[in-house]
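Thank you all for coming; I would like to walk you through one structure this morning, going from its strands to a few of its side chains.

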Amino acid sequence: LTKLFVQSFNTAYLENTIAVEASSGENAATSTSENAAVATGNAFAAANVINMVNTNVIGSDYLAFIMNAFGSWEGDLVLPPGSFFENWLEDSCCTDGSITAANENTAGIENNVDASADSGSNTASGGSASIQTGSAASASNIMTIANTNIFGNNLLLLYVRTGGNWSGRIFSLPDGVNIIGTDDGFIIDGFTRSLGGSEARSEGAASTTISNQSTARIINNISVSALTGQNSAFAGRNAAVSTGHAFAAANVLNIANTNIIGKNWLLAILNVFGDWKGDLAFGRPDLWVGASAEGPSP
């Protein structure tokens, strides 16, 4: 294409009301003369919501995903190789000419997101009593891109949260991508450099003109709960309560009033609720080189 013209008039109203609950708790055991015990299993709950509203994706390859690893995880996360995020060749759509964008967009986004996990609030009473609780962890992630033009560069935004320790490395990080540390993980940011303005980037035969008048209203009411606790055991002899693990995750990705022209992009959220033993790699080759050595007997 030598000329690309995008014009849209959109009005969108989207409301999500989602409640997710996993429970193995709220149990009771009673014995006046013998032993009484309660043992609960694990409870995992997750809500993953991706909203794409009033968005034009033209000549682009895109990948959006959310991953929840409940508990510890041993394994590698392999993403598309760095070449996926390199600039396209000259024959790609509208990459060498002028770009003009005139947008009159309004986005109202309301996120009411709650995630809770509980393995406690247990009681045990008897001649001897014991309570053992599992782990409880919750995570809420909200990622929003609104009223934005993306062209001229590729887009990469990956948010990693770990509830424990991460023992791994990052391989083949694409050029121009930054790593930002957080209290509970890190962000791989190749997004801020990809935001485009409305002025022409270069002179040439190809041209792109964008004219949008879009109004978007998004309301997310998301509630996620995981419960293994709130148990009771009463016995004349021995009373015991043992609970499983409780993990809850609420993840929301909003894309509204956005133009993405002729590039690759990846948006991802990764939650690991325990320790992560593995690497994060951008691509993994099929060619391996190995060597062995043999020495004399002792």
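Which residue of β16 is the bridge partner of Leu14? It is Ile218, and I will come back to that pairing in a moment. Before that, a word on where the values come from: this is a predicted model, in which local features need pLDDT of at least 70 and side-chain atom pairs count only at pLDDT 80 or more, while totals for chains, interfaces and linings use all residues. Residues are numbered from 1 along each chain as its sequence is written, and side-chain values use heavy atoms, with hydrogens and water left out.

Let me start with the sheets. Strands here are DSSP runs of type E with at least two residues, numbered from the N terminus, and two strands pair if DSSP finds at least two bridges between them.

Strand β2 (residues 28-31) has one covered face, with Ala29 and Ser31, and one uncovered face, with Ala28 and Thr30. As background, in a regular strand the side chains alternate between the two faces of the sheet.

Now to the charged side chains. How many salt bridges does a search of the whole structure find? There are four, a salt bridge being a side-chain nitrogen of Lys or Arg within 4 Å of a carboxyl oxygen of Asp or Glu. In one of them, Arg217 pairs with Glu110, with the closest N and O atoms 3.1 Å apart. Arg217 lies in strand β16 (residues 207-227) and Glu110 in strand β8 (residues 98-118), so the pair ties together parts that are 107 residues apart in sequence. Are these two residues buried, partly exposed or exposed? Taking buried as under 20% relative accessible area, exposed as over 50% and partly exposed as in between, with a 1.4 Å probe and protein chains only, Arg217 is partly exposed at 32%, and Glu110 is partly exposed at 31%.

Another salt bridge joins the side chains of Asp76 and Arg284, at 2.7 Å from N to O. Asp76 sits in the loop between β6 (73-74) and β7 (77-79), and Arg284 in the segment after β22 (280-282), 208 residues apart. Asp76 is partly exposed at 34% relative accessibility, and Arg284 is partly exposed at 41%.

I will finish with a polar residue, Asn257, which lies in strand β19 (residues 246-261) and counts as buried, at 2% relative accessibility. Its side chain makes a polar contact of 3.2 Å with the side chain of Asn54; a polar contact is a pair of N or O atoms within 3.5 Å, where, within protein, one must be able to donate a hydrogen and the other to accept it, and residues adjacent in sequence count only if both atoms are side-chain atoms. The side chain of Asn257 also reaches the backbone oxygen of Thr106, at 3.1 Å.

Key:
Helix = DSSP H or I, 4+ residues; strand = E, 2+ residues; numbered from the N terminus.
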